[in-house]
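Let's take a walk through this one, a few helices at a time. Have the viewer open and follow along.

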Amino acid sequence: MNIYRSVRAVTEASGTGVVDWDAVAEAAKAATDPGSIDLAPEERAGYAADVRDARSRLRSVAAVEFDLPRTIEVQNRHHWIDANIRTFERVMRPIERRGAGVFPDVARVVNTGTMAFMLSFLGNNVLGQYDPLLLAEGDEDHGLYFVRPNIRKVADSLDVDYPRFRRWIAFHEVSHAAEFGAAPWLSSYLEARMEEGVDALAEGSLDRDAFRELDTAMTAVEGYAELLMDRAFDDDYSDLRRKLDARRRGGGPLAQLVRRILGLGLKRRQYERGAAFFEAVADARGVAAASRVWERPENLPTNDELDHPERWLDRVA
């Protein structure tokens with residue numbers, strides 16, 4: 001890590017936009033130890049087997065057909081930052097179009113520093129990611145990433161078996177591939193809600209309906225993935241979940257503050273609420289009935305139905 005180089009990149013932010021994205025990349029990576037991806041042959045084979053087994057098991061359990069992305073990478077933290085910085089840039093584009101305000105140079109430095117800090121924090125904590133490349137232009141393929149230094153670090157800190165922990169992460173991320181593969185419309189649906197919400201923010205207002213629909217859809221995404229994990233993973237993983245949740249609740253005051261700012265606590269609530277909905281649906285009608293949620297956008301549960309799955313069953317299944 002080179003904190004001096006990180007700070008210098010932020011303070012020297014330039015250009016005409018409200019964020020200097022090249023400086024964000026440089027600052028975030030300078031403040032982040034990349035970690036090692038020096039994989040032994042057996043570890044590389046283990047990642048491949050985990051992903052392959054997850055695809056096979058999830059296809060069987062979910063009763064849906066899906067393909068894995070062509071891009072499947074074992075990354076270090078710098079690779080993950082590079083893969084995600086353009087997503088941040090695309091999401092910020094409507095706000096950038098409004099300009100930096102009265103003191104553009106000062107605002108650019110502050111915004112650049114904020115984005116660099118967020119990417120550095122996430123780069124040090126993300127374990128795996130299914131990347132649907134939201135708001136991307138053209139026909140770019142989705143990506144599946146495993147941040148190997150973080151997976152190893154967390155497995156060691158939790159005192160859990162690394163191959164089993166790695167496999168658990170693979171099953172979770174491939175579960176998301178199953179969702180987006182089963183629902184070709186899902187990316188466009190999420191993109192539309194994101195654009196509506198961010199466009200409203202750029203105009204100085206708040207589109208509560210867009211953000212509510214986005215939150216409801218993401219709750220379904222996270223909850224369905226949890227259902228598939230429960231039904232498809234090799235064994236009970238409550239010990240892994242319990243230890244990981246305890247780790248997330250821990251950390252210093254700064255880490256807890258950043259997690260609140262980034263909405264990571266909200267994501268955990270999405271897991272829990274969505275999982276409870278889909279468990280109730282699957283217990284009542286089976287996993288195949290739960291999978292009907294991806295047939296068309298109208299099959300997504302409403303905010304009310306998430307708390308009353310029987311109403312969704314009456315309407316859809």
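How many residues does helix H8 have, and how far does H8 reach from its first C-alpha to its last? Keep in mind that we're looking at a predicted model. H8 runs over residues 186–202, which gives 17 residues, and its end-to-end C-alpha reach is 24 Å, close to the 24 Å expected at 1.5 Å a residue.

Now look at which parts of H8 are covered up. The buried residues are Leu-186, Ser-187, Tyr-189, Leu-190, Glu-191, Arg-193, Met-194, Gly-197, Val-198, Ala-200 and Ala-202.

Next, a helix pair. Two packed helices are described by the angle between their axes and the distance between the axes. For H7 (residues 162–182) and H9 (residues 208–232), the angle is about 125 degrees and the axes are 9 Å apart. That angle is why H7 counts as oblique to H9. The crossing of H7 past H9 is right-handed. On the H7 side, the contact includes Trp-168, Phe-171 and His-172, while H9 brings in residues including Tyr-224, Leu-228 and Met-229. Sorted by type, the residues of this contact come out as 10 nonpolar, three polar and three charged.

Last stop: Asp-245, in helix H10 (residues 238–249). Is Asp-245 buried or exposed? Asp-245 counts as buried, because its relative accessibility is 13% and the cut-off for buried is under 20%. Jump 23 residues along the sequence from Asp-245 and you land on Arg-268, with 8.9 Å between the two C-alphas.

How values were computed:
Residues numbered from 1 in each chain as written. Predicted model: local features only at pLDDT ≥ 70, side-chain atom pairs only at ≥ 80, totals over all residues. Heavy atoms only, no water. Helix = DSSP H or I, 4+ residues; strand = E, 2+ residues; numbered from the N terminus. Expected span 1.5 Å × (residues − 1). Buried < 20%, exposed > 50% of the residue type's maximum accessible area, 1.4 Å probe, protein only. Axes fitted to C-alpha atoms, helices over the stretch in contact; angles between N-to-C directions. Parallel < 35°, antiparallel > 145°, perpendicular 65-115°, else oblique. Left-handed = near helix turned anticlockwise from the far one by under 90°. Contact = heavy atoms within 4.5 Å. Nonpolar A, V, L, I, M, F, W, Y, C, P; charged D, E, K, R; others polar.
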